[in-house]
Amino acid sequence: MIPADVVFVPETAAHDAEIDHLNEEAFGPGRFARAAYKIREGGPHERRLSFVALHEGEVIASCRLTRIAAGEGRALLLGPLAVRPAHKNLGIGKKLVAISVEAARQAGAGAVLLVGDEPYYGPLGFRRISRGQISMPRPVDLDRILVHELTPAAAERLKGEVCHADLARIPAWTDDREPIRKAG
Ligand SMILES: CC(C)(COP(=O)(O)OP(=O)(O)OC[C@H]1O[C@@H](n2cnc3c(N)ncnc32)[C@H](O)[C@@H]1OP(=O)(O)O)[C@@H](O)C(=O)NCCC(=O)NCCS
């Protein structure tokens with residue numbers, strides 16, 4: 001159970017250094033080689049759709065969302081998600097995912113995508129995306145690409161290589177990123 005003194009708040013620039021430390025601790029130097037990292041390098045994440053868990057004023061967990069594109073499809077990429085070791089298995093990771101997905105929905109996003117373990121994310125509404133439908137700029141286990149659809153058919157619009165939405169060559173056929181910009 002999540003302790004009552006853990007609070008969940010939108011991320012601000014003041015959390016950046018602690019989030020960097022948290023991600024270094026959770027993923028090590030290998031994080032820079034990950035496919036999702038490469039995509040996130042393409043532009044900023046959505047600060048107001050990204051959340052931290054605080055305990056006694058310290059960041060103990062973080063979850064970020066970044067606007068992405070794949071063909072004409074638009075979505076938010078969830079991650080990195082990391083929880084400090086001393087605070088694991090209390091439900092904080094799942095709560096952060098749930099908060100982020102709800103924020104994405106409120107912002108008008110069609111889908112949330114991530115690279116992660118289906119046994120963890122499946123109960124939170126994520127399912128495997130069809131093999132071959134999308135690819136990543138670096139090798140990735142295709143069975144770990146999961147999607148949570150928020151509006152009908154948003155997932156099937158994602159096609160081809162995923163990139164940061166700021167680098168998309170094809171304009172979105174529907175302006176589904178506009179509400180997110182307004183929210184940010
Ligand atoms: C994965 C991580 C975010 C989970 O955070 P957390 O706050 O400890 O997780 P929660 O408390 O919400 O959930 C714990 C449950 O998920 C399970 N779980 C944790 N990681 C899992 C995984 N990779 N696959 C399946 N189940 C997992 C735990 O065994 C536990 O199960 P239980 O409730 O049956 O006991 C955290 O362990 C972490 O930061 N790991 C290092 C970074 C990482 O791997 N991030 C995810 C990248 S996709």
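Welcome! Helix α1 is followed by Gly28, whose phi is positive, near 65°. The structure is a predicted model, in which local features need pLDDT of at least 70 and side-chain atom pairs count only at pLDDT 80 or more, while totals for chains, interfaces and linings use all residues. Residues are numbered from 1 along each chain as its sequence is written.

**Overall build**
- The protein has 5 helices and 10 strands; these are DSSP runs, with helices being H or I of at least four residues and strands E of at least two, numbered from the N terminus.
- With 184 residues, a compact globule would have a radius of gyration near 16 Å, and the protein agrees at 16 Å. The radius is taken over C-alpha atoms, and the globule rule is 2.2 Å times the number of residues to the power 0.38.
- Taken along the principal axes, the C-alpha atoms fill a box of roughly 45 × 35 × 30 Å.
- Of the 184 residues, 38% count as buried, meaning that 20 or more other C-beta atoms, placed from the backbone, lie within 10 Å of the residue's own; 12 or fewer makes a residue exposed, and anything in between partly exposed.
- Among contacts between residues at least 6 apart in sequence, 76% join residues at least 24 apart; a contact needs C-beta atoms, placed from the backbone, within 7 Å.

- The expected span is 1.5 Å times one less than the number of residues.
- For α3, 15 residues should span 21 Å, which agrees with end C-alpha atoms 21 Å apart.
- Buried residues of α3 include Ile92, Gly93, Leu96 and Val97, and what covers the buried residues of this helix includes β1 (6–10), β2 (51–55) and β5 (111–115).
- Gly108 follows α3 and has a positive phi, near 90°.

**Around the ligand**
- The ligand is surrounded by 15 residues, the closest being Lys88, Gly93, Lys94, Gly116 and Asp117; a residue counts as near if its C-beta atom, placed from the backbone, lies within 6 Å.
- The elements giving two or more residues to this shell are β4 (73–83), α3 (92–106) and α4 (118–121).

**A look at Val9**
- Val9 is found in strand β1 and is exposed, with 12 other C-beta atoms within 10 Å.
- Not counting residues up to four places away in sequence, Val9 touches Phe51, Val52 and Leu54.
- The C-alpha atoms of Val9 and Ser50 are separated by 8.6 Å, although the two residues are 41 residues apart along the chain.

Key
Contact = placed C-beta atoms within 7 Å.
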